[in-house]
Amino acid sequence: MSTPARDNGSSGHLVPVQHLRPGDHAFVSYGDDEVRWEAVTAFVRLGLARGEKVLVLPSPGVPAAEVLARLDFPSRSTAAARARGQLVVSSMREVISPDPEFTAARQMGRLYQETDRATAEGYAGLRAFIDMGWVAALGAEVEVMMRRESGAHALFTGRPYTEICAYDRRRFDRGVLAAMERAHPRTLLERLGSLRTVREPDGVLHFIGEADAAQRAEFSRALRIALAHTAPDRRLTVDLTRLHFLSVGCAVSLLVLARGAAGHDLVEVRCDRGQRRLLRRLGGGTVPPLALTEGVAPW
């Protein structure tokens, strides 16, 4: 499903779930019981495909059978992983056991151990999806949870551990949600297939998510607006490195608009290797103001 592209200020750490790497600690929020499964399903399947062990801690009250049904739709794609222990559905209560009350030290210690266990078992690392509904279920204080979120660096630094912390916007105060988003190095797009645009103060236009056929009009509109804003400087930088997918249609739109940018001396496009190859095959090398710079997202 797609959502319109829109400006989101200076969200430099906003990424699609597919771009998470070992060592990443990510925040995602949701306000709909159906939407919340999109990120976790992609996160789980990608982890399994990459040879990682995957731990899922759903919101308390959600039966394990429902979790597995969501992950397996439309087929029993995770059955083999569950059978061999690569995919585990558990709970925060189990993680902190035998302690009856949550402590950050206990939780982080167990996750540290589980990461080491995963690598000892031959997996590439561990990734965990944690729905923060456990906070109310265990009677934990929000302040304790907030300190954990902002002080968990030892779990991630130089280690093959990846974590998503999911917050239901209907259960947490807006101030808490804003603080938690700031505390996480990464923030995920809520929905798969969505496209977001960010215009930075220095004029760089970032595209984040998926620029597919359904997004072509919005993709083109964002480029036109950016070209109008940067006309006085006669140059525009477009960053595609946080896109998970770039369609041929959107790539063509970019080339057409760059060719027609008569008021610009330079339209620099930062792209990954695949995007650069696509743009060049479509004639990007013959567009006078266009410069293709190959790289990766800067983190």
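The axes of helix α10 (residues 216–230) and helix α11 (residues 248–259) come within 9 Å and cross at roughly 25° in this predicted model. Axes are lines fitted to C-alpha atoms, for helices over the stretch in contact, and angles run from 0 to 180 degrees between N-to-C directions. α10 is therefore roughly parallel to α11. Angles under 35 degrees count as roughly parallel, over 145 as roughly antiparallel, 65 to 115 as roughly perpendicular and the rest as oblique. The crossing of α10 past α11 is right-handed, meaning that the near helix is turned clockwise from the far one, by less than a right angle. On the α10 side, the contact involves R216, F219, S220, L223, R224 and L227. These meet G249, C250, V252, S253, L254 and L257 of α11. Contact means heavy atoms within 4.5 Å. By class, seven nonpolar, three polar and two charged residues make up the contact of α10 with α11. Ala, Val, Leu, Ile, Met, Phe, Trp, Tyr, Cys and Pro count as nonpolar, Asp, Glu, Lys and Arg as charged, and the others, Gly among them, as polar.

Residues are numbered from 1 along each chain as its sequence is written. The model is predicted, local features need pLDDT of at least 70, side-chain atom pairs count only at pLDDT 80 or more, and totals for chains, interfaces and linings use all residues, while side-chain values use heavy atoms, with hydrogens and water left out. Helices (H or I, at least four residues) and strands (E, at least two) are DSSP runs, numbered from the N terminus.

The axes of α1 and helix α2 (residues 64–72) come within 9 Å and cross at roughly 70°. This makes α1 roughly perpendicular to α2. W37, V40, T41, V44 and R45 of α1 contact E66, V67, R70, L71 and D72 of α2. Five nonpolar, one polar and four charged residues form this contact.

Seven strands form an open sheet with parallel pairing, in the order β1-β7-β2-β6-β5-β3-β4. Two strands pair if DSSP finds at least two bridges between them. Strand β3 (residues 53–57) runs parallel to β4 and is joined to β4 by three bridges. Here L55 stands opposite V88 of β4. Helix α1 (residues 36–49) lies across β2 (25–30), β3, β4, β5 (126–131) and β6 (161–168), at about 165° to β5. Helix α9 (residues 174–183) lies across β2, β6 and β7 (186–188), at about 150° to β2.

Another open sheet has five strands, in the order β8-β9-β10-β11-β12, with mixed pairing. β8 (195–199) and β12 (290–294) stand at the edges with a single partner strand each, so one side of each is left without a neighbour in the sheet. Neighbouring strands of this sheet are turned by 20° against each other on average, direction ignored. β8 and strand β9 (residues 205–211) run antiparallel and are joined by five bridges. The bridge partner of T197 is F207 in β9. Helix α12 (residues 273–281) packs on the sheet and touches β10 (235–246), β11 (266–271) and β12. The direction of α12 makes about 115° with that of β10.

Two backbone features lie in loops. A cis peptide bond joins S97 and P98, with omega about 10°. P98 is placed in the loop between α4 (92–96) and α5 (104–120). R234 has a positive phi, near 65°, in a residue other than glycine. The loop between α10 and β10 holds R234. Most residues other than glycine have a negative phi, and most peptide bonds are trans.

The protein chain averages a pLDDT of 91, and 94% of the residues score at least 70. pLDDT is the predictor's confidence in each residue, from 0 to 100. Over residues 1–10 the pLDDT is below 50. Beyond near neighbours in sequence, that stretch has 33 contacts in the model. Where pLDDT is low, the predicted coordinates should not be read in detail.
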